[in-house]
Amino acid sequence: MRVKIGKSSLHGNVVCPPSKSVAHRMLICAGLSDGTSVIKGVAKSDDMTATMNVLSAFGAGFSRDGDTLTVVGNGLSQIPDGNITASCLECGSTLRFLIPVAFMTGANVTLFGSKRLMSRPLGVYADIAKKNGLKFELSDNCVTLEGKLPAGEYHIPGNISSQFISGLLFALPFADGESKITVEPPLESAPYIDLTLDALHKFGIEILRPDKYTFIVNGKRKYRPFCGAVEGDWSNAAFFIAASKLGFDVNVSGLDENSLQGDKVCVSAFDEIKKGHAVISVAECPDLAPILMAFGALSGGVTLTDTARLKIKESDRGTAMAEELSKLGVDTKIYENEIVVSGGALHAPSEAISGHNDHRIVMAMSIMLLFTGGVIDGAEAVSKSLPEYFDIIKNLGGEVLTIEA
């Protein structure tokens, strides 16, 4: 899908959509519970569909009424007969969260996904499978798993993705005994682990954490059904908050100031950039990198540190953003673990902006184009997390025209 964005001024209110990160975790816990849970505030997106695909294959049931999902879990006690297959679409969270759970089903499980998804790092799980004699076969479009993940000690690098830690935290309560997860420093994206622990607590699973890098998980536990709501999403709200900080009359509501979400630092980060060429670490908030780069380009520049992991997101986000910003006259330098974005005069791009099949690239560049005008190719990538994104921009007065299906 192509969209044409005209130079626009935004005005109005945005009620923040529910958090994808929180919804993922609550849906997984509900699907693993033994009973019925009701979760309010689950927005429709490709990522939510991916998680429900896999949990449904494990025997959970889902019914939707608006933004409310009723989830009937079976505690992994009634796994369908035969080989299990499910699609993770493009969702790295779904894949990494549910590979350890797949090992708890006792079935032969094949999880499908795009070539890009299967090329993202999974070596942590491959090593665990090899050590414990489990089947782990990876191809261009799927991973096949079989064998029971045992209780025991697990050593996980903390600088690749916190999703490996969360995946083990979801699965090991089903193990036969106590397990210990030790994280090798540095522990990056730590707020996402806090979100996992909070979701587990809501569903009756308590994890002991004697220090920052150690997690004790008791086995033979049962998830307890829970009814509750998903809080607002700071990750998606960041794009609208950026618009307000750039001078548009946009008010964003529906966010919890006390949230555990790491991306709530977007507010202070934008403020720092406005003061001058700020230096900001994205170790705890890698998903903010595209909008921070765009904001920096519009505000005199920014230097992002701890950027090495951006290479393994939905796209190579640093390089992708640099390529697209250059079309507007913005100079960006990419280093091994640092990105420097220069500010300065912008011009309208003479060619289409590429979305790189990455929702956050599309959203970040759309904010840029409100100042210059231009076309985004591959704009449908927003469906991964916020399908109604361009409708929201239109409702705020943005000139958005779909010019090609």
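Where does His-356 lie? His-356 sits in the loop between strand 20 and helix 12. Keep that loop in mind. We will come back to it.

One caution before we go on. This is a predicted model.

Now look at one pair inside it. Strand 3 and strand 5 run antiparallel, and seven bridges join them. Pick out Val-38. Its bridge partner in strand 5 is Thr-70.

As background, side chains of opposite charge can pair when their charged atoms come close. Asp-67 and Lys-40 do this in a salt bridge, at 3.6 Å from N to O. Lys-40 is in strand 3, and Asp-67 is in the loop between strand 4 and strand 5, so the bridge ties together parts that are 27 residues apart in sequence. Is Asp-67 buried, exposed or partly exposed? Asp-67 is partly exposed, with a relative accessible area of 33%. Lys-40 is partly exposed as well, at 45%.

Next stop, strand 6, residues 84-87. In a regular strand the side chains alternate between the two faces of the sheet. Follow the pattern here. Ile-84 and Ala-86 point to one face and are buried.

Which strand does strand 6 join? Four bridges connect strand 6 to strand 7, residues 109-112, and the two run parallel. Ser-87 stands opposite Phe-112 of strand 7. To get from strand 6 to strand 7, the chain passes through helix 3, residues 92-103. This β-α-β crossover is right-handed.

On to a helix pair. Two packed helices are described by the angle between their axes and the distance between the axes. Take helix 5, residues 123-131, and helix 6, residues 163-171. Their axes come within 10 Å and cross at roughly 45°. The two helices are therefore oblique to each other. Who makes the contact? From helix 5, it is Val-124, Tyr-125 and Ile-128. From helix 6, it is Gln-163, Phe-164, Gly-167 and Leu-168.

Now a loop with some backbone detail. It runs between strand 11, residues 179-184, and helix 7, residues 190-202, and Pro-186 is in it. A cis peptide bond joins Pro-185 and Pro-186, with omega at about 0°. Ser-189 is in that loop too. Ser-189 is not a glycine, yet its phi is positive, at about 60°. Ser-189 is buried, with a relative accessible area of 2%.

Back to our opening residue. His-356 also has a positive phi, about 55°, and is not a glycine. Is His-356 buried, exposed or partly exposed? His-356 is partly exposed, with a relative accessible area of 24%.

Asp-358 forms a salt bridge with Arg-317, with the closest N and O atoms 2.8 Å apart. Arg-317 is in helix 11, residues 317-326, so this bridge ties together parts that are 41 residues apart in sequence. Both Arg-317 and Asp-358 are buried.

What about the rest of helix 11? Helix 11 is mostly covered, with seven of its 10 residues buried. Among them are Arg-317, Met-321 and Leu-325. The elements covering the buried residues include helix 10, strand 18, strand 19, strand 20 and helix 12.

One more salt bridge, then the total. Asp-331 and Lys-333 meet at 2.6 Å, N to O. Asp-331 is partly exposed, at 39% relative accessibility. Lys-333 is also partly exposed, at 39%. Elsewhere, salt bridges that share partners join Asp-287, Arg-317, Asp-358 and Arg-360 into one network. How many salt bridges does a search of the whole structure find? It finds 14.

Technical notes:
Residues are numbered from 1 along each chain as its sequence is written. This is a predicted model: local features need pLDDT of at least 70, side-chain atom pairs count only at pLDDT 80 or more; totals for chains, interfaces and linings use all residues. Side-chain values use heavy atoms; hydrogens and water are left out. A salt bridge is a side-chain nitrogen of Lys or Arg within 4 Å of a carboxyl oxygen of Asp or Glu. Buried means under 20% relative accessible area, exposed over 50%, partly exposed in between (1.4 Å probe, protein chains only). Two strands pair if DSSP finds at least two bridges between them. A crossover is right-handed if, with the strands pointing away from the viewer, the path from the first strand over the helix to the second runs clockwise. Axes are lines fitted to C-alpha atoms, for helices over the stretch in contact, and angles run from 0 to 180 degrees between N-to-C directions. Angles under 35 degrees count as roughly parallel, over 145 as roughly antiparallel, 65 to 115 as roughly perpendicular and the rest as oblique. Contact means heavy atoms within 4.5 Å.
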